[in-house]
Amino acid sequence: MEYEVIIGLEVHVQLNTNSKIFSTATNEFGGSPNTHISPLCVALPGTLPVLNEVVLEKAVRAGVALGCEITQFTKFDRKNYFYPDLPKGYQISQFDKPYATKGGIHIQLKGESEEKFLPLTRIHMEEDAGKLIHSHDPSINRSYVDYNRAGTPLIEIVSEPDLRSSDEAYAYLNELKTILRYIQVSDCNMEEGSLRCDANVSIRPKGEKGFRTRVEIKNLNSFKAVKQAIDYEVEWQKDVYSRGESFKQMTKLWDATLLKTIPMRSKEMSHDYRYFPEPDLPTIQISDSFIEDIRKTLPELPRQKKERYKTVLGLPEYDAEVLTSEREIAEYFEEALVISGDAKKTSNWVKDEILGIVNKENISIQEFAIDPVRIGKLVKLINSGEITGKIAKTIFEDMLTSKDQPEAIVEKKGLKVVRDDKALEEIVIRVIESQPESVEGWKNGKDRVLGAIVGGVMKETKGKADPKLVNELILAKLGPLGEKKKV
């Protein structure tokens, strides 16, 4: 039987505020255990939460960027459950009045010509829990609690169950991460837990309308893990149904070592959490002016930027994709372009030479040794004809280890293109005379021999000859292709 895969994703994003969502404790990854805490973080008696206004601002910023409708009346609720890393015995979250609804993300899979729109259900704010650290010594049956993460501001972005493959889930997460980093509300560092994903997976026979039992998969700490877990779970559910069996709704963990999903517990329903309005926090009214002020400060988003690069700058799809993959790369490219004036050549340098080094050394483009202004000047020198592409590579190597401007390196090393017609003509004649087999090939209609002669001239001039002038002089000496002219 053929099955259709049904996937919905719940993505938890830590917001990059200076302090936590309801207290003044530092919101910072790492540090010694239980040092980034306040009395509120550990639920000491008499403490009361106060909403961090910057959390609301960044949350709304994410909602607007994702095309959501911002709810003008919203509130917080208590989500009651027990776990050692939850000192209050409940989590402050949002239940029936999330601050943002609807919206969505456009994705385009490789090889597909059309985009697909994946709608969102809602986005809500909540606080993060602490973290349990289990002893690695089997003789010590003990766990420790670090409350540094408790109270970190989160937004939970919930998609509609409209994803139909692990590839779509992977593309969705990539696009979501890119948008959130563009608007600078989170660093989305999965290794540090600032972006975490739970996947709800079910399958149904093709053509069937209703939803079947779903499984929620947790502990997905990379996009690769999300893809692997979904693929494994789909095959597991197919196997169950093929044997005429069924299963209960449950929560599973992804085991990255065994590469399989492992049952954790039965899946809780909303009534299990006994939600009720948070009595210690007032309701929130979000004004139109607050929303519009945030909308005005949004940068050009990656999808719009990519389209502009293709239609206005004339860049190919691949170039636009690479250059808009991160906000910092796009900013680097655009700053260099202001100087160079040549979008394609600047793109080539950024995506090939610069990102090649950035990826190899595992650094950000902001840490790259050459600033965008110097790259722009280098491209401008190539376009002006003052240097060749080959010479530019030599200058680029010098720029990697110095702060010198490209034009200064050209002057210091005497790398300007040779444009002396008489001197070049003498070199051309000398090279042609040294390559009688190439001349004979040209007379016999073999145009590829031209490259050998050009290469010889460039070697003689150490790459400093104007390629266009070199070609003109050689063709003038050789005559039309296939013509028996005395050279």
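How many disulfides does a search of the whole structure find? The search finds zero, a disulfide being a pair of cysteine sulfur atoms within 2.5 Å. The model is predicted: local features need pLDDT of at least 70, side-chain atom pairs count only at pLDDT 80 or more, and totals for chains, interfaces and linings use all residues. Residues are numbered from 1 along each chain as its sequence is written, and side-chain values use heavy atoms, with hydrogens and water left out.

The cysteines were examined next. For cysteine 68, the closest cysteine sulfur belongs to cysteine 188. The two sulfurs are 15 Å apart, too far for a bond. Cysteine 68 is buried at 11% relative accessibility. Here buried means under 20% relative accessible area, exposed over 50%, and partly exposed in between (1.4 Å probe, protein chains only). Cysteine 41 is also buried, at 7%.

The domain assignment divides the protein chain into domain 1 (3–289), domain 2 (300–413) and domain 3 (421–478). These bounds come from an automatic or database domain assignment. The centres of domain 1 and domain 3, taken over C-alpha atoms, are separated by 66 Å.

Strand 1 spans residues 3–14. Eleven of its twelve residues are buried. Strands (E, at least two residues) and helices (H or I, at least four) are DSSP runs, numbered from the N terminus. Strand 1 pairs with strand 12 (residues 195–205) in the antiparallel sense, over eleven bridges. Pairing requires that DSSP find at least two bridges between two strands. In this pair, valine 5 stands opposite isoleucine 203. Strand 1 also pairs with strand 11 (residues 153–159), again in the antiparallel sense, over five bridges. There, histidine 12 faces glutamate 156.

Helix 9 (residues 372–384) packs against helix 10 (residues 389–400) at an angle of about 160°. Their axes lie 11 Å apart. Axes are lines fitted to C-alpha atoms, for helices over the stretch in contact, and angles run from 0 to 180 degrees between N-to-C directions. Helix 9 is therefore roughly antiparallel to helix 10 (under 35 degrees counts as roughly parallel, over 145 as roughly antiparallel, 65 to 115 as roughly perpendicular and the rest as oblique).

Asparagine 444 occupies the loop between helix 13 (436–443) and helix 14 (450–460). This residue is partly exposed, with a relative accessible area of 46%. Asparagine 444 and asparagine 174 are 270 residues apart in sequence. In space they are 56 Å apart, C-alpha to C-alpha.
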